[in-house]
Amino acid sequence: MTRTDLSGLQIGAATAAVQIEGGDPGNQWHAFAQRPGRIADGTTPTPATDHWRRWREDTDLMAELGLQVYRLGIEWSRIEPAPGRVDDSAIARYREELTAVRDHGIIPLVTLHHFSHPTWFDELGGWTSAGAVGRFLDHVERMVSSFGDLVAEWVTINEPNVYATQGFLFGEFPPGRSGAWRDIRRVLHTMCRAHCLAYERIHDLQAHAKVGVAHHLRVFEPRRRRNPVHRLFARTNAYLFQEAISHALLGGRFPRVLGRQPSDVCPGRFYDFLGINYYSRSAISGMRDGRFDGVPVNDLGWEIYPTGIVEVARWLHDRYPGPIWVTENGTADAADDFRSRFIVEHLRAMVTSDLPFERYYHWCLVDNWEWAEGHTARFGLVELDTTTLERRVRRSGELLAGAIESGAVTDELYRDYVAGSTYRC
C-alpha cells in the first residue's frame, strides 16, 4: 500500500431527516411504518437516533471526526405541518443547528426532499398530483428565505429513481404500491420538472448558490457478457432506471419515455455539481437486479464494487461535465469488519482517476433508521445503541478522521485499520 493523497477532496457525512430525527408524526413514512410487515424489524422512525434532541452531541461528534462538509435534510412536514401553516419554532431549531455546524467550520449541504414529505401532501396525491410542483416550489422558496444566510448549497431532490421504483414498482416505500408503471412515469416526470424549476428558483433568490440533485447511479452489467439477451436487459435497465432521468434532471431534456417536454422547462444546464449516490453493481439477466457469483458483499447482500464509483461518474461526466460530489457512499457492516477497507478503496478509486471529484459524503454518520430495513442495516461511522441511544465512534470512523487530519490515507492508517481485513462473499 502506498500513500493515497486526499488533499483535493473535502470529506464529510450525509444524513436524512426521517432517518435520524425522531418524533415527527407528520410525514408519510411514520404512517407507512405503522402497517404490519412493512419494516423489517417492526420499528418506526421514532425515536430513530433522537437527533432532534441530541443534535448538539452529533454536531460535536462531526467536529471530533474533523468532518469538513455535512449533508443534512430539513423535514418539510416540520416546517409546514399543514398546508400554508408554518412552524416558526421548527425554523428556529434548524437555524440553531445550522449555525452550530458552521461554527465548527463544517459546510452544510441541505437536501429539500429526501424520500419524505408531509402526510397532507400525500393526501393531495403526492408527486402524482397536478399541483405537486407548485407546492414543492413554495417550500423551496420558504427554505431559501429562511436559511439562505446560513446555507448556499442545496440538493433539491434525493434519488427520484429510487423513490419512484421503491414506492410504485416494488411497494417497499410509501405509498407501498406494486407494478404501478403509469404512476412511476408520472412521478419521475413531475420530480424532474420540480428539480429544474427549483434550480432556477433558488438561483433567482440566491445567485451564488450551488444547486444539484442527488442521483442514484449503479453499474448494470450483463450476467453473461456474451449473452445478447443479458446485454439487452442490462442496457434497458440502465436506461429506464437512471439514464433517461439524467437527461431530464441535468439537461432539462425529457425523453419520450418520461412523457412530453414540459412547457415551462427549456433545455439547458440544471446543475452546479454532479451529485452521485453510489453503492453497488447489478448482474442483469432480466428486468430484476441480480448478483454475480463469488463477489464480496455487505450485510444486505449488495456487491462491494469500488471501481464502479468511477465507472458511473465517468458515464455521467462525459455527458454533463462538471465538478463531482459523491453525495452518498457507504456500506452495511454491523460488525465494522470491512467498512474501513470499503472507504479506502472507494476513496482511492476516486482520487486516482482523472475525474474532478471534489467531495465525498459518507453514508452515514450515526447508525440510522434505514427505511424499510429499520435498524437491521448498520451504515454508521458511529455505532448506535438502539436501547440507550448512546453513540460510540467505530474504528472506521477513526480511520476516516485520521485520513481527514492527514490529508491522505497514510501507510500507518492503512496498516492499523485496513490491512488484514477481508470482505466476505
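Is Glu 141 buried, partly exposed or exposed? Select Glu 141 to begin. Its relative accessible area is 34%, so Glu 141 counts as partly exposed. Keep in mind throughout the tour that the model is predicted.

**Stop 1: the partner of Glu 141**

Glu 141 and Arg 201 form a salt bridge, and their closest N and O atoms are 2.9 Å apart. Colour the two helices involved: Glu 141 belongs to helix H7 and Arg 201 to helix H9, so this pair links distant parts of the chain, 60 residues apart. Arg 201 is partly exposed, with a relative accessible area of 27%.

**Stop 2: other salt bridges**

How many salt bridges does a search of the whole structure find? The search finds 27.

Go to helix H5, residues 88-103, and show Arg 93 and Glu 97. These two residues form a salt bridge with 2.7 Å between the closest N and O atoms. Because they are four residues apart in the helix, about one helical turn separates them. Glu 97 counts as buried because its relative accessibility is 2%, and buried means under 20%. Arg 93 is buried as well, at 9%.

Now select Arg 314 and Asp 354. Their salt bridge has its closest N and O atoms 2.9 Å apart. Arg 314 sits in helix H11 (residues 308-319), while Asp 354 is in the loop between helix H12 (339-351) and E10, so the pair ties together parts that are 40 residues apart in sequence. Arg 314 is partly exposed, at 31% relative accessibility. Asp 354 is exposed, with a relative accessible area of 61%.

**Stop 3: the largest pocket**

Which residues are closest to the centre of the largest pocket? Select Thr 165, Gln 166, Phe 170, Phe 241 and Asp 289: these are the closest to the centre among the 48 residues of the lining. The space in this pocket is about 1400 Å³.

Next, colour the elements around the pocket. Helices H8 (160-168), H9 (181-205) and H10 (228-251) each supply at least two residues of the lining, and so do strands E6 (210-222), E7 (274-284) and E8 (289-290). The element that gives the most is H10, with six residues. If you colour the lining by residue type, you will find 24 nonpolar, 12 polar and 12 charged residues.

**Stop 4: the second largest pocket**

The second largest pocket has a volume of about 220 Å³. Select Thr 128, Ser 129, Arg 186, His 189 and Thr 190, which are the closest to its centre out of 13 lining residues. Helix H7 (132-147) and H9 are the elements that give two or more residues to this lining. H9 gives the most, with five residues. By type, the lining has four nonpolar, five polar and four charged residues.

**Stop 5: a nonpolar patch on the surface**

Show the surface and select Trp 181, Leu 240, Val 257 and Met 287. Together they form a nonpolar patch with about 380 Å² of accessible area. Pick out Met 287 in the loop between E7 and E8. Met 287 is partly exposed, at 44% relative accessibility.

**Stop 6: backbone details**

Switch to a view of the backbone. Where is Pro 175? Look in the loop between H8 and H9. The peptide bond from Pro 174 to Pro 175 is cis, with omega near 10°.

Move on to Trp 363 and Cys 364. They are joined by a cis peptide bond with omega of about 5°. Cys 364 lies in the loop between strand E10 (357-363) and strand E11 (382-384).

Two residues with positive phi complete the tour. Phe 115 is not a glycine, yet its phi is positive, at about 70°. Find Phe 115 in the loop between strand E4 (107-111) and helix H6 (119-123). Its relative accessible area is 3%, so Phe 115 is buried.

Leu 389 also has a positive phi in a residue other than glycine, near 65°. Select Leu 389 in the loop between E11 and strand E12 (391-393). Is Leu 389 buried or exposed? Leu 389 is buried, with a relative accessible area of 11%.

Terms used
Residues numbered from 1 in each chain as written. Predicted model: local features only at pLDDT ≥ 70, side-chain atom pairs only at ≥ 80, totals over all residues. Heavy atoms only, no water. 1 Å grid on protein atoms, 1.4 Å probe; cavity = no way out; pocket = protein on both sides within 12 Å on 5 of 7 lines; lining within 4 Å. Points joined across faces, edges and corners; volume = space filled by probe spheres on them. Nonpolar A, V, L, I, M, F, W, Y, C, P; charged D, E, K, R; others polar. Patch = residues over 30% accessible without salt bridge, like charges linked within 9 Å, V, L, I, M, F, W, Y side chains within 5 Å. Areas by Shrake-Rupley, 256 points an atom, 1.4 Å probe, with all protein chains shown as cover. Salt bridge = Lys/Arg side-chain N within 4 Å of Asp/Glu carboxyl O. Buried < 20%, exposed > 50% of the residue type's maximum accessible area, 1.4 Å probe, protein only.
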